[in-house]
Amino acid sequence: MRVTRQNVLGYRAWAQGLDRRPGGIDRILDLGVQDTPHGSARGALVARGVPVADPPAAAAATGALVTVWSWRGAPHLHRRTDPRFLAEALWPVSDADAQKRIATSLIKDGARRGLEAFTEAASALRAAVTTRLLKGEVSTLVSAQIPVDLTHDCAACQARHISGSLFQQVGLAAGVQVDTGGRNTYLSPLPKDVRPTTVPTRAKRTPEALLRYIETVAPVSTAHLAAMVGTSQAVVATLMPGGLIQVTGPEGNGGWVPEAALPRLREAEPPRLVRLLPPSDPWLQARDRELMVPDEARRKLIWGAIGNPGVLLVDGEAAGIWRAKVQRKRLVVTIDGFRSGPARLRVEIEHEAGLLASSRGQDDAAVEFI
């Protein structure tokens, strides 16, 4: 069964709520919205019409949210009710899975212990975080309590501490939430009513978590699922949810689609819209980057090693990149366009910049084109 590139772009815009319909953000909140760098998740909600600057309206649109280290140990915004489910769903399913997730030369011997390494680190982190503490303070406490083969010498810190990858990947299982204020990151216990009661002893409902990703960015290959989790394709192949159909996309690419979503995917077309997507937006989390942005030079501008820009999305296509800075209570958004656009484009970009400025507590916005 074949689908076109336009079908894929249209379906993802709908599934991710970029059309700003009521309830359109439900799927990305089911998945979680990555917050790297800090503030990106807020920008992703703004791009979907959530009035982040208006707390009551935002709460009505999203429900209560918490930031936790979830997928691959990256900070994500999740519904307050999801941590218990995710703590078990994202727990490694085997020693081989655990080894793959923390494979690094920094803790080569410790990583070989697989699930045992996760359990020891999560238990130490849970015991350390009983109140709000700086991330560095917590790292010091945890590093002193875990086996030495899970720590390494850090030249930057002039100290021996836990592997950062392992530290963040056990945060959810340890019942820890993340709070970034200014340049500091703090860790604190999740509220009792949603905190995992114990460190997981085994993974549960992992296929359900994978389905949330598939529904949001379909079609998805097994390789893309493995990259999202941070594990191997062999592990993911044993965890696939039911009710999926495989489709063929442009140039033979494709992947898995929920059977219930197939009619919409086959009929989807990119909507007419202009959005300023922040770095790490759910739209940019799809792993088939060649399909999303066919031009290699543009892909390199969008997905670099560090410090990625935001993306100007026009009618389903990446039409440029953007960065923003504050100058005298004004948010200045600089657009580097890949091509010239219609006259309506500037007006709509200015409108989107105004929404972004409001979410950041700025009086207004200015747009500059380069």
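**Exercise 1.** Find which helix gives the most to the lining of the largest pocket.

*Solution.* Start with the answer: α4 gives the most, with four residues. This is a predicted model, where local features need pLDDT of at least 70 and side-chain atom pairs count only at pLDDT 80 or more, while totals for chains, interfaces and linings use all residues. Residues are numbered from 1 along each chain as its sequence is written, and side-chain values use heavy atoms, with hydrogens and water left out.

Next, look at the other contributors: α3 (40-47), β2 (65-69), β3 (75-79) and β7 (176-181) are among the elements that each supply at least two lining residues. Helices (H or I, at least four residues) and strands (E, at least two) are DSSP runs, numbered from the N terminus.

**Exercise 2.** Work out whether the length of helix α8 (residues 115-128) agrees with what its residues should span.

*Solution.* First, the rule: the expected span is 1.5 Å times one less than the number of residues. Then apply it: the 14 residues of α8 should span 20 Å, and its end C-alpha atoms are 20 Å apart, which agrees.

**Exercise 3.** List the buried residues of α8 and say where they sit around its axis.

*Solution.* Buried means under 20% relative accessible area (1.4 Å probe, protein chains only). By that cut-off, A117, F118, A121, A122, A124, L125 and A128 are buried in α8. They cover an arc (of directions from the helix axis to the C-beta atoms) of only 165°, so they lie on the same side of α8.

**Exercise 4.** Describe how strand β11 (residues 274-277) is arranged.

*Solution.* V274 and L276 point one way, R275 and L277 the other, and all are buried. Finally, L277 stands opposite V311 in β12.

Key. Buried means under 20% relative accessible area, exposed over 50%, partly exposed in between (1.4 Å probe, protein chains only). Two strands pair if DSSP finds at least two bridges between them.
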